[in-house]
Amino acid sequence: MKLFIVLLTALLFAGCSGGGGGGSSTPTVPTYSAEYQFPANDMQPGDGERVVEAIGVLKCVDTSSGQEVDLSHCPMPTDNKPTSTQQSPSGFRDVVVDGATSAREYVEAGSAVWILKPEFIVCDFSNGYTAVGVTCKIPGYESVYSAYSSPTKILACDGTELLTRTYQTCRNNITLEQVDDTLCAGQTDPNPTQEYKSPAGLRIFNVAEGTQTVQCIAGQEKAAGTVVDVTCTLPDQHKSGLSCLNDTYSSVFRDPVNSKTAVCSGTETLNRVYDYCRRDHDNVVVDGSKCPTKTTTDNVTYKSPYGTRPLNITNSDGTAYEECQEGQTTFAAVPSSVVCLPGNHVNGLSCDSDIIACTGLESDAIKALTGDRTWNSGTSTYETCVARTCQDGHYLTGSTCSEVGVGYYSDTLITRTQRLQCPTNSSTSSTTSSLIGDCLAVSGYYKVTDTQFDPVGLGHYSGNLDNNRNACLSGTYSDITDASSCKSCDNKPANSDTVTYDPMEYGVSTNSCSYASITCTSGYKDHNYSCHPVSYVGQYSDFFNPDITTISCSGTEDNPRTVDSCEMHYSTQSEPVANSYCESLPERGTTTSSSPEGDVTEPIPNGSATYHCLAGSTTKSEVSRTCDSGYVLNGQNCEMKVEQLTLTMQHTCARLSGGKVKCWGDNTNSQIGDGTTAHSFTSKLTSPDFNFSQFSSGSGYSCGLSEGAVFCIGANNFGKLGDSSTTNRTTYVPNTEQTETMKIVAGWSHTCAINSGKVKCWGRNSNGQLGDGTTVDKTHPMASTYVTGITNATMISLGQNHTCALDGTTIKCWGWNTYGQLGNGTTTTSSTPVVAMTNAKFVALGASHSCGIDNSNVAKCWGLNTMGQLGDTTTTNRSSPTTVNTALVPPVNSIHAGFQHTCAVQSNNQVKCWGANESGQLGNNTTTGLHTPTPQLVQGGALYTQVVAGGYHSCGLRTDEKTVSCWGLNDKGQLGDGSSTQRLTPATTVQGLIP
């Protein structure tokens with residue numbers, strides 16, 4: 001019987017009394033301990049352990065005196081009774097083992113597990129059995145088989161497959177020694193195959209429309225699985241339930257503009273007008289090209305409204321109007337609205353005067369034009385006229401109209417009461433002339449004005465009633481007494497103005513038979529009243545040789561002698577004339593000079609072209625073309641080139657020649673700079689107001705240098721934009737420290753700049769990544785100090801929480817160092833720079849790893865290596881620079897580290913990448929294994945001058961310096977190829993990059 005002792009405490013209360021000067025006493029509290037009685041242990045070997053409760057009190061003891069007292073001082077608890085643990089004893093039992101004469105199992109005290117040990121087995125040696133561990137076997141031979149083949153259907157929805165194994169060798173089944181294969185002849189594999197089932201779970205499949213998420217049980221193939229989700233990535237498709245349906249579009253029409261709002265503009269039926277194109281499933285307005293049909297047979301009829309307008313009727317009171325009915329185009333007068341002023345009467349739609357002038361022809365020569373006729377309202381007629389006047393060309397004498405006669409004309413058009421005579425030296429041919437303009441000049445005179453007629457003068461003539469003044473021909477004359485015609489000079493009477501007549505051989509006399517003035521025809525000169533042919537004689541200098549002989553491609557040139565003087569000769573006379581008269585004479589003479597054979601350089605847009613010409617030729621053969629700085633030759637044109645690539649987790653940017661920057665991808669925080677927050681699947685121009693000399697894209701933001709000043713845009717957590725705030729910016733804001741900056745680098749949550757070899761950083765500083773010796777965040781660079789010990793920085797790179805700079809030829813790092821990313825052989829975080837690598841020429845940082853290139857052009861990396869991002873064929877973290885595997889062939893031109901992968905450009909311009917590959921960011925046309933610790937060649941055959949690695953994608957600038965290809969994750973357009981399709985190789989190029 002096992003006893004259990006418990007200490008009990010009893011409290012005794014005693015009364016106290018006292019008086020003045022009296023004392024008091026403290027009562028003692030006795031304690032007791034009890035021994036309990038438990039049930040007897042009747043457990044058998046192998047029963048293990050059990051807990052039992054006390055069944056009674058055996059003894060009670062006063063602990064202060066050690067004396068046993070009455071059991072009443074130690075009552076048995078009713079709840080939470082004392083317990084004791086009992087164990088079963090150790091022991092043996094007989095068991096049956098094939099080939100053994102006896103065998104026993106053993107169990108330890110308190111255990112329920114029986115153990116068969118070799119020492120407790122006796123094999124039947126008489127029948128050839130021998131002990132093998134805890135078995136008895138007859139020695140023999142057995143075939144040894146390989147492990148089952150590795151399964152290939154290791155992903156959910158792959159289905160089932162039979163794994164196979166093959167015979168390897170024959171061995172002794174006791175000693176396990178290898179023996180001759182013939183001893184196992186005839187044995188067959190009892191289990192040559194084994195069924196393997198793919199695991200249960202979800203799997204995403206690429207389908208024609210996008211991706212399809214399928215749930216499968218173990219061993220189930222995709223076709224038998226359950227589709228639980230789909231994504232639609234093809235253009236012009238959308239998700240509907242678990243299907244991708246083609247987008248449909250509808251043209252939306254609006255009523256046409258009512259052009260019939262004006263009164264009396266008529267009726268018009270117009271078709272409804274195309275307004276915009278609408279995507280049917282979500283009613284979103286889209287580009288009009290999606291709706292090819294932009295016409296409709298639906299129409300709207302418009303009618304002009306009813307209206308009136310006043311009638312402008314002379315002598316009315318202004319109340320007259322005309323009206324146009326609805327939809328009509330013609331106004332109709334309303335006669336009842338016409339009211340005439342006093343002295344007038346209504347005549348249809350007019351107001352005629354009650355008194356009018358007399359009209360009406362009474363005879364051929366008489367016309368009633370004077371006097372009035374009065375309106376008689378009673379008879380609705382005018383009274384008869386009595387006064388008269390005459391027709392044109394007649395005049396009134398009394399009551400008779402007569403013709404005016406030859407040499408006369410009548411007076412004004414209104415009254416014909418006068419007969420007027422034509423001016424002196426003029427007359428008329430008609431007896432009924434009515435105007436002074438009817439008067440014509442008589443012979444020997446000509447008309448100057450309607451009232452002036454002058455003599456034609458000597459040498460001229462005119463006919464009767466002919467206003468023209470005509471000149472006499474050569475050899476004829478006219479005289480004062482008869483200028484009606486010209487007479488021959490041969491018959492001219494002798495008088496004082498006559499000269500001896502000598503007919504002219506050349507020229508025309510301008511003064512009848514007098515030769516005071518002679519005009520000769522071209523090529524003749526007058527002398528002694530005759531025209532003589534002229535000739536020219538020049539004096540010339542030596543031949544002139546121009547500069548053409550020194551300029552290639554100028555061809556040939558005739559070089560005439562210079563004219564020193566020129567004379568004109570005629571008859572027996574000569575006189576100097578302008579040198580130009582002698583320039584075309586044959587005796588001037590020329591010599592021919594030729595340009596030499598050679599090259600000339602001429603400007604072309606954004607460059608120059610060099611041509612070659614033979615001697616004396618202007619035919620140019622192009623030798624070469626050279627583009628200005630910042631441009632690259634494409635065929636015959638000098639085009640912009642990409643000068644810098646930069647990317648981060650989800651967006652990419654390229655700086656073009658001239659300083660313009662285009663970006664694509666994630667735009668959640670306006671980091672692309674196009675004024676929106678929409679992701680861009682093709683390249684877009686960032687703010688056109690800036691020309692950047694250097695640019696950097698960070699996590700959710702971008703920064704650039706323009707005229708030495710820093711400007712940033714996008715997310716501003718921790719103040720990484722440097723504008724003294726943490727407010728996100730949708731337009732570029734200037735840095736608060738506008739000093740001359742050489743280089744700007746944007747990171748995850750902090751930013752750094754190089755200024756005259758010194759480095760200053762701002763933003764998040766939780767691990768000392770700003771390098772200012774503190775862990776205090778800075779929202780602008782003026783709040784930070786220059787990084788200690790950096791004086792000759794030429795490159796800087798930022799990790800997630802650490803920073804490295806190339807100071808001269810030494811890489812120095814600071815910040816977080818849990819994985820050894822500072823490269824100083826420790827994992828101790830440092831807020832000031834430590835030396836990572838010497839004799840270096842290049843530095844690049846990933847999230848938690850770092851890389852550099854030494855002066856021998858060998859790449860080295862250090863830090864986190866869980867995804868093989870260090871490229872040393874392992875996944876072991878390194879706290880010191882470790883050489884990248886020789887699959888990356890030196891010399892290495894450049895290296896760039898992404899989130900968990902790394903890429904480098906070899907000297908042959910091939911790109912190799914290593915590390916994480918879950919999205920195809922290594923560009924080796926696979927995602928198998930999810931990560932690769934050995935450099936892999938980027939597929940596609942293209943050659944590159946730059947490569948950059950981001951979160952889950954990579955990009956490279958090809959050797960033509962204008963084509964950029966990207967590969968990897970593309971969910972936000974970070975590949976820039978116009979889609980959201982993930983690419984495992986650089987099969988596409990960024991769209992819209994070079995204008």
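User: Which cysteine forms a disulfide with Cys903, and how far apart are their sulfur atoms?

Analyst: Cys903 forms a disulfide with Cys913, and their sulfur atoms are 2.1 Å apart. A disulfide here is a pair of cysteine sulfur atoms within 2.5 Å. Please note that this is a predicted model, in which local features need pLDDT of at least 70 and side-chain atom pairs count only at pLDDT 80 or more, while totals for chains, interfaces and linings use all residues. Residues are numbered from 1 along each chain as its sequence is written, and side-chain values use heavy atoms, with hydrogens and water left out.

User: What is the handedness of the link of Cys903 and Cys913?

Analyst: The link of Cys903 and Cys913 is right-handed, with 110 degrees about the S-S bond. Cys903 lies in strand β81 (residues 901-906) and Cys913 in strand β82 (residues 911-916), so the pair ties together parts that are 10 residues apart in sequence. Strands (E, at least two residues) and helices (H or I, at least four) are DSSP runs, numbered from the N terminus.

User: Is Cys903 buried or exposed?

Analyst: Cys903 is buried, with a relative accessible area of 0%. Cys913 is also buried, at 0%. Buried means under 20% relative accessible area, exposed over 50%, and partly exposed in between (1.4 Å probe, protein chains only).

User: How many disulfides does the count come to?

Analyst: The count comes to 18 disulfides. One of them joins Cys264 to Cys324, with an S to S distance of 2.1 Å. That link is right-handed, with 80 degrees about the S-S bond. Cys264 lies in the loop between β22 (249-254) and β23 (267-271), and Cys324 in strand β28 (residues 321-324), so the pair ties together parts that are 60 residues apart in sequence. Cys264 is buried, with a relative accessible area of 11%, and Cys324 is buried at 0%.

User: And what does Cys566 join to?

Analyst: A disulfide joins Cys566 to Cys582, S to S 1.8 Å. The torsion about the S-S bond of Cys566 and Cys582 is about 75 degrees, so this disulfide is right-handed. Cys566 lies in strand β53 (residues 556-570) and Cys582 in the loop between β54 (573-576) and β55 (590-594), so the pair ties together parts that are 16 residues apart in sequence. Cys566 and Cys582 are both buried.

User: Changing topic: how much space lies in the second largest pocket?

Analyst: About 720 Å³ of space lies in the second largest pocket. On a 1 Å grid over the protein atoms alone, a pocket is an open set of points with protein on both sides within 12 Å along at least five of seven lines, whereas a cavity is a set of points where a 1.4 Å probe fits but cannot get out; lining residues have an atom within 4 Å of a point. Grid points are joined across faces, edges and corners, and a volume is the space filled by probe spheres set on the points.

User: Which residues lie nearest the centre of that pocket?

Analyst: Of the 40 residues lining the second largest pocket, Leu645, Thr646, Ser797, His896 and Val948 lie nearest its centre. Several strands each supply at least two residues of the lining, among them β61 (642-647), β72 (793-798) and β84 (944-949). By class, the lining has 21 nonpolar, 17 polar and 2 charged residues. Ala, Val, Leu, Ile, Met, Phe, Trp, Tyr, Cys and Pro count as nonpolar, Asp, Glu, Lys and Arg as charged, and the others, Gly among them, as polar.

User: Why is β72 described as largely enclosed?

Analyst: β72 is largely enclosed by the rest of the structure because 5 of its 6 residues are buried. It is joined by 5 bridges to strand β73 (residues 802-807), and the two run antiparallel. Two strands pair if DSSP finds at least two bridges between them. Ile796 stands opposite Ala805 in β73, and a hairpin of 3 residues joins β72 to β73.

User: How many residues of strand β63 are buried?

Analyst: In strand β63 (residues 661-665), 5 of its 5 residues are buried. Val661, Cys663 and Gly665 point one way, while Lys662 and Trp664 point the other way. In a regular strand the side chains alternate between the two faces of the sheet.

User: Which strands pair with β63?

Analyst: Strand β62 (residues 651-656) pairs with β63 in the antiparallel sense over 5 bridges, and strand β64 (residues 680-685) pairs with β63, also antiparallel, over 3 bridges. Ala654 stands opposite Lys662 in β63, and Cys663 stands opposite Lys684 in β64.
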